[in-house]
Amino acid sequence: MKKFIILAMCTMFCMLAASCGKKKQETDPAPKPKTEVYQPRHVRVEVDLKNIKTYNYFSAPMSTPAKSYTVAYNTKVPYAQPIEIKYTYANGDTYTYFIPDDFGLWENEAGRLRVVTDTDGTVWLQGQTKAGKFCEFVFYGHPQYNGIKITPNSYRNLPSGEIKYRK
């Protein structure tokens, strides 16, 4: 009789262990796939003043329009600091153009520096290098204007000036 009770208890423990093991396997969640979080890119491009042309056009760096942009330069003294044009995009990316301090902005007859911007992120600069080479820079923030020439006017629509796109 003792053998029968011990055998019955062993059978019961084995069944209990087997059923607990199955439940544990069923309740374990499958490993969740890791979702990668987008890491914004920050690109900086230095404009090479040794190989520039008289008129320099820079296409929009991305296929989407820039969310915002800034133009940083010394408003009082030419050649005092580098010029930075920084475009910021909706996904957090930034794209910065860096013009060394060997380039100085010219003033128009009204005493305003020749920097013209518009709401689409187009930036026009006019000046010369320390070596005396005249040049203009046009930076586009919206890809729809890539390859289109502009007519800037630093006297109208102050303080930002006016840019007309040619057809």
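Is Asp 118 buried or exposed, and which side chain of opposite charge is nearest? In this predicted model, Asp 118 is buried. The nearest side chain of opposite charge belongs to Lys 164, 12 Å away. Asp 118 has no salt bridge, because a salt bridge needs the charged atoms within 4 Å.

**Around Asp 118**

Asp 118 sits in the loop between strand 7 (115–117) and strand 8 (123–129).

| Asp 118 part | Partner | Distance |
|---|---|---|
| Side chain | Tyr 165, side chain | 2.5 Å |

**Around Ser 160**

Now take Ser 160. This residue lies in the loop between strand 10 (150–153) and strand 11 (162–165). Ser 160 has a relative accessible area of 27%, so it counts as partly exposed. Which residues does Ser 160 contact, leaving aside neighbours within four places in sequence? They are Val 115, Val 116 and Thr 117. Val 116 is 44 residues from Ser 160 along the chain, yet their C-alpha atoms are separated by 5.5 Å.

**The largest pocket**

The largest pocket holds about 230 Å³ of space. It is lined by 15 residues. Closest to its centre are Tyr 73, Arg 112, Leu 113, Val 115 and Pro 159. Strand 7 gives the most to this lining, with 3 residues.

How values were computed
Residues numbered from 1 in each chain as written. Predicted model: local features only at pLDDT ≥ 70, side-chain atom pairs only at ≥ 80, totals over all residues. Heavy atoms only, no water. Helix = DSSP H or I, 4+ residues; strand = E, 2+ residues; numbered from the N terminus. Buried < 20%, exposed > 50% of the residue type's maximum accessible area, 1.4 Å probe, protein only. Contact = heavy atoms within 4.5 Å. Lys, Arg positive; Asp, Glu negative; His and termini not counted. Polar contact = N/O pair within 3.5 Å; in protein donor to acceptor, adjacent residues only side chain to side chain. 1 Å grid on protein atoms, 1.4 Å probe; cavity = no way out; pocket = protein on both sides within 12 Å on 5 of 7 lines; lining within 4 Å. Points joined across faces, edges and corners; volume = space filled by probe spheres on them.
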